[in-house]
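Open the structure in your viewer and keep the selection panel at hand. The stops below go from charged pairs to aromatic rings.

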Amino acid sequence: MSEAVKSMLAKPIQLADHVAKAAGAALSYRAECTEIKTKAEHLASLLRQAARSDLYERPAARVTEETAQALSKALSLISKCRDHNGILRRLFNIIPAGSFPRVVDQLDNSIQNVSWLIRISSPDNDPDGESDLHGLPNIAQNEPILFLIWDHIAKLHTGSPEARADSASNLASMARDNDHFARKIIEEDGVAPLLRLLKESRDEGREAAARALGYLARDKESVARLVQAGICSVLAKSLKEPPMKVQAVVAWAIGELCAKNPDFQDSFAENHVVRLLVGHVAFETIQEHSKYSIPTAPAKAMSLHSVVLAHTKSVRLGSSDAQNFGPNINSNKNNNNGTGNGLPKPNAPKTHIHSVVQSAMVTNGSVGGTRGRLSEDAETKAQLKAMAAYALWCLAKDNVNICKSITESRALLCFATLLEKGTGEVQKYSALAVMEIARVAEHNLALRQSAFKPSSPAAKAVVEQLLRIVQIGVYDELLLPCITSLGCLARTFQASETRIVGPLVQLLDEREPPVAKEAVIALTKFACTENHLHVTHCKTIIEGGGARHLVQLVYLGDQIQIEALVLLCYVALHVPDSDELEQAGVLAVLLWASKQAHMAQDVKVENLLPEAKARVELFQSRGTR
């Protein structure tokens with residue numbers, strides 16, 4: 001127990017002794033004073049027992065403060081019963097009839113509060129963790145949820161492994177459902193025991209603790225307090241330790257903290273979280289990412305990697321072998337192998353490399369967690385990949401250094417594979433991670449040149465998958481981030497890459513406004529003056545029928561009028577002599593827009609619109625108009 005708690009208990013113990021002694025010496029109201037003496041002696045005994053216990057400090061402070069107040073009131077009352085200086089003085093010290101019952105009730109409440117404090121602080125008094133609602137302490141009558149929080153945090157300190165896991169789950173539910181509850185858990189010192197549970201407990205307890213910590217990240221302030229408590233290093237360490245079910249929740253928690261407060265992205269990066277997350281994304285995704293696998297204990301014999309290399313020197317793996325390292329995800333979607341998850345059928349023959357890996361794991365026990373990871377079910381593996389991708393997405397937001405770390409690990413190739421073969425959340429968060437990296441690269445030349453240079457196999461693979469999803473054009477959770485990504489990468493494409501703009505133009509006719517808007521924004525990045533191929537791209541937009549679609553959007557697209565007008569201005573500015581622009585009535589729409597105050601005065605078009613209109617007027621005859 002801390003010195004602060006011991007000093008807090010000293011005052012009420014002294015007061016209780018003083019009250020008992022004074023009550024025993026009372027000259028009037030002897031019966032009432034005797035009852036107070038009994039209560040005070042009981043309370044003194046409990047307080048001394050509490051002083052020998054390892055108390056939970058937050059409720060202990062409240063209990064001792066209220067106990068001291070009750071004892072002070074009792075002492076003040078008893079002092080009036082000791083006066084023997086005559087009837088006249090007693091006449092002026094009249095004690096109201098309700099004073100004694102009120103003081104007795106306050107002492108009873110203090111006895112109950114101290115008894116509860118001892119019980120929750122002593123595991124031997126509640127071995128089964130069943131004290132949840134047995135005797136709500138009076139200090140929590142006005143806020144019962146505070147009692148529940150105290151009770152669960154106390155069990156995190158003193159309960160059995162099962163009770164600790166159960167309390168962590170309950171705290172997670174409370175934090176998930178209510179911001180106030182989450183803040184209360186942090187204020188009542190619930191973070192430290194949750195971190196200790198994540199480090200030291202069984203798998204069930206670790207999972208519950210990680211989930212609770214993730215739900216406690218409600219806003220910037222709460223994340224700052226979690227980081228101050230040391231959560232970054234604990235979560236990083238937990239990413240290395242199986243089982244995958246726990247690692248998936250830990251990865252999710254990292255994403256939650258970074259999403260709520262990006263200021264601490266670098267704090268996680270300093271704990272090598274990016275490399276660990278990439279390792280989870282890469283596991284069984286593509287073969288060449290073996291060097292990013294999660295580190296295990298040093299090998300006593302030949303390492304798995306050495307065994308594989310030794311065998312593969314004399315073996316040439318075909319493309320069918322490489323497919324066995326695709327994403328392992330359950331899905332009901334059709335796939336060309338019939339399993340719906342991008343993997344070989346369950347009964348398909350094992351490839352040579354798969355046999356080598358299995359043999360190496362059996363003969364080399366030092367591989368440790370690798371065997372366990374391979375034996376995990378497909379759903380758990382997919383969940384870990386999804387949460388690792390989610391965390392990488394949140395870490396990458398507006399952070400050049402982390403994006404650089406991700407791309408240097410060649411995680412882009414993993415994301416490309418998961419976009420192609422993954423399903424559900426694995427695909428979704430892979431697309432979002434790529435989108436965030438592309439957003440950062442759009443404004444950082446060095447990252448753009450290193451991660452998305454046209455000759456890079458990883459960049460090519462990513463663009464292929466982004467383009468495939470855009471060409472399909474189905475409005476789902478993948479389409480918008482893929483459109484955004486292509487737009488952000490507009491300045492990376494060479495003149496020989498002519499496949500990108502056309503599919504984006506086709507989306508201008510999309511009935512879903514969010515899709516059309518995102519397509520317009522993406523195409524603007526191809527058509528703007530900053531893009532050195534803007535003339536070529538503008539011609540491609542016109543050839544794809546983009547002028548006609550943009551005219552309609554400027555007239556009728558309520559949600560995207562300004563964006564469509566900006567793109568139309570760039571097209572008109574760079575290819576003013578186009579017959580298609582004349583046939584689509586572009587000059588007429590530019591003249592109309594210049595008369596609309598909300599358009600002409602918009603900061604995005606106030607300079608661009610007059611220039612585009614002048615260029616078109618110069619190249620198109622007034623008679624034709």
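A salt bridge here is a side-chain nitrogen of Lys or Arg within 4 Å of a carboxyl oxygen of Asp or Glu. The model is predicted, so local features need pLDDT of at least 70, side-chain atom pairs count only at pLDDT 80 or more, and totals for chains, interfaces and linings use all residues. Residues are numbered from 1 along each chain as its sequence is written, and side-chain values use heavy atoms, with hydrogens and water left out.

**Salt bridges**

By the salt-bridge rule the count is 20. Select Lys-155 and Asp-151 to begin: their closest N and O atoms are 3.4 Å apart. Both lie in helix H6, 4 residues apart, so about one helical turn separates them. (Helices are DSSP runs of H or I with at least four residues, strands are runs of E with at least two, and both are numbered from the N terminus.) Lys-155 is buried at 7% relative accessibility, and Asp-151 is buried at 1%. Buried means under 20% relative accessible area, exposed means over 50%, and partly exposed is in between, with a 1.4 Å probe and protein chains only.

Next, select Arg-58 and Glu-188, a salt bridge with its closest N and O atoms 3.1 Å apart. Arg-58 is in helix H3 (residues 57-79) and Glu-188 in the loop between helix H8 (179-187) and helix H9 (191-200), so the pair ties together parts 130 residues apart in sequence. Arg-58 is partly exposed at 35% relative accessibility, whereas Glu-188 is buried at 4%.

Move to Asp-179 and Arg-218, which meet in a salt bridge at 2.3 Å, N to O. Then select Asp-203, Arg-206, Lys-237 and Glu-241, which salt bridges link in a network.

**Aromatic rings**

Rings of Phe, Tyr and Trp (its six-membered ring) pair if their centres lie within 6.5 Å; planes under 30 degrees apart count as stacked, over 60 as edge-to-face and the rest as tilted. This rule gives 8 aromatic pairs. Select Trp-116 and Phe-147: their ring centres are 5.8 Å apart and their planes at 50°, so the pair is tilted. Trp-116 lies in helix H5 (residues 99-121) and Phe-147 in helix H6 (residues 144-158). Trp-116 and Phe-147 are buried.
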